[in-house]
Structures are given as C-alpha cells and as structure tokens.
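My entries follow in the order in which I looked.

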Amino acid sequence: MEEELGTRLFLRTPKGTTPTDAGIILRDHAIRVLERVELARNDVISSVYEVAGEVALHINNAMAGKLLPPLVKALNERYPGVMLHGTPLPSHQVRLNLEKGRVDLGVLPDYEKLTKVNAKHLKQEPLYFLCDPDHEAACDAGRPIRLQDAMRYPMVTTHSDQPFRQCIEDAVKAQDLSHIVRFETNELIMIFSHVASGHACSILPQCAIEERERLGSIITRRIVDPEITQSYLILLSTASLAVRDTVLLLLQNEDP
C-alpha cells in the first residue's frame, strides 16, 4: 500500500510502529469506510428480513417519563432488531440537536422557531395548574380552574425559551392578566420541589404530572376559560420510521 500511495504510512522502530501523518489520514478514512460497510450491511439485512439498526431519540423531559417505557416495550415486541437510545433533554436542546443533525428522531412541543426538520403532529395535551395538597387552592381538587384564578398565585415555571411557557404567556397576555413568577427552572424535579414547599404553584402539561398525581403528592386542576393546550411533534433511517410509527400507534391506542 505504501508503494501504491508513494508515501510512508508507518514509522518503524525496534519498539514498534506508529502511524505517520499520512497513515493517520488513511486510518481515519478506513474507519469511515468500515462504518459505511456496516451501515450497508444493516440496510440490506433490513430490506430482506426485518427492520434493524440503532436509533437515537431525544425527547423533551416532560414527555420522557410517559412515553419512553411503553415505547421500548412495544419496539421489543414489534421491531426486536431496533436498538433505541432514548435521551430526555430540555426542549431547546432537543430542537438544537435535531437542527444540527446530531440525532435521528425527536419528540418535543410545537415550536414556531423550528427549522431544518421534518415534523409531524403527534398529539395535543391540556395544561394543568398544580399545587401542594395543603395549599388553599387544593380545596377544589379535581375541579377545573379558570386562568384568571390560577394567576392569583405565585408561580415556579420554566424559562421563557420553553414552548409551553410561551403558551402560558400568550394566554396571560390575551386575558390582560399578571403572571407572578417566583422562580424559573427547566428541571421538572425542581418545579415539583418548589410546589411541595407550598410557596409557589405551577402550570405543566398533562404528560409531566400524571405520575405525581397518581402518587397523591400534588393536586392538579385543568385550566379553563380559556383552556390552554400544548401540541407535541415527532420530528424526523428504516429504523427511525419504525420508531415513529410505534409512537403513533401507542398514542392512538391510549384510553381517552
């Protein structure tokens, strides 16, 4: 190969060999060639036998707990050749990774600044007011709450770059209300911690609150007058399409 290329690829010494600069370049190309060969092999096998391959899915934190466990289970049953790597992240990081081509597939709230992605509507979820069980607003647990009544209470909420925060701010502005924000964080665990302390309430999408609601650690009330909803998108390899179709199937079969 050195004769064919007309250059030395290795420095040879009594202690062994090390690649030259040319050797390093060739090695890097060889690695990429082998990766492409493996990809071609997987594609051929997939076309003849079954869908197979690895899929990197980035999903916003609020939806991750609800969707990832049943998604992994359904994929194992329907597409055992697909290996899913699911990573929960803040919505803005999911959006950035999708736009930069760092990930195969993403799930996140609808976002007007999304570019360079192929998006499909997934579902729409209502937003809920939540408070600690000992909070005064808990006396009407299970009943809807008007937006203007919810806005009477200090809030812990996400940063303003998060899509569903924009939904809240738009609704508050349209009703000529005040949004009293005591603390901002994109970490759900911190939002729940502040709510549990009793000094602040919050507003979150349905997918983010279901587990805590079942445990009885929070009181939730659907926001009405006006109702505020958050749309979710699935943003798009044969493997990626398999994951997308399974997500859609799972949500279509959900109990109302």
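I looked up Cys201 and found it buried, with a relative accessible area of 0%, where buried means under 20%, exposed over 50% and partly exposed in between, with a 1.4 Å probe and protein chains only. Cys131 is buried too, with a relative accessible area of 1%. The closest cysteine sulfur to that of Cys201 is in Cys131, at 5.2 Å, which is too far for a bond. I note that the structure holds zero disulfides, a disulfide being a pair of cysteine sulfur atoms within 2.5 Å.

I must keep in mind that this is a predicted model, in which local features need pLDDT of at least 70 and side-chain atom pairs count only at pLDDT 80 or more, while totals for chains, interfaces and linings use all residues. Residues are numbered from 1 along each chain as its sequence is written, and side-chain values use heavy atoms, with hydrogens and water left out.

I then turned to helix 8 (residues 206–215), in which Cys207, Ala208 and Ile209 are buried; helices are DSSP runs of H or I with at least four residues, strands are runs of E with at least two, and both are numbered from the N terminus. The buried residues of helix 8 pack against several elements, including helix 3, strand 6 (119–131) and strand 10 (202–205), with contact meaning heavy atoms within 4.5 Å. After helix 8 comes Gly216, whose phi is positive, near 80°.
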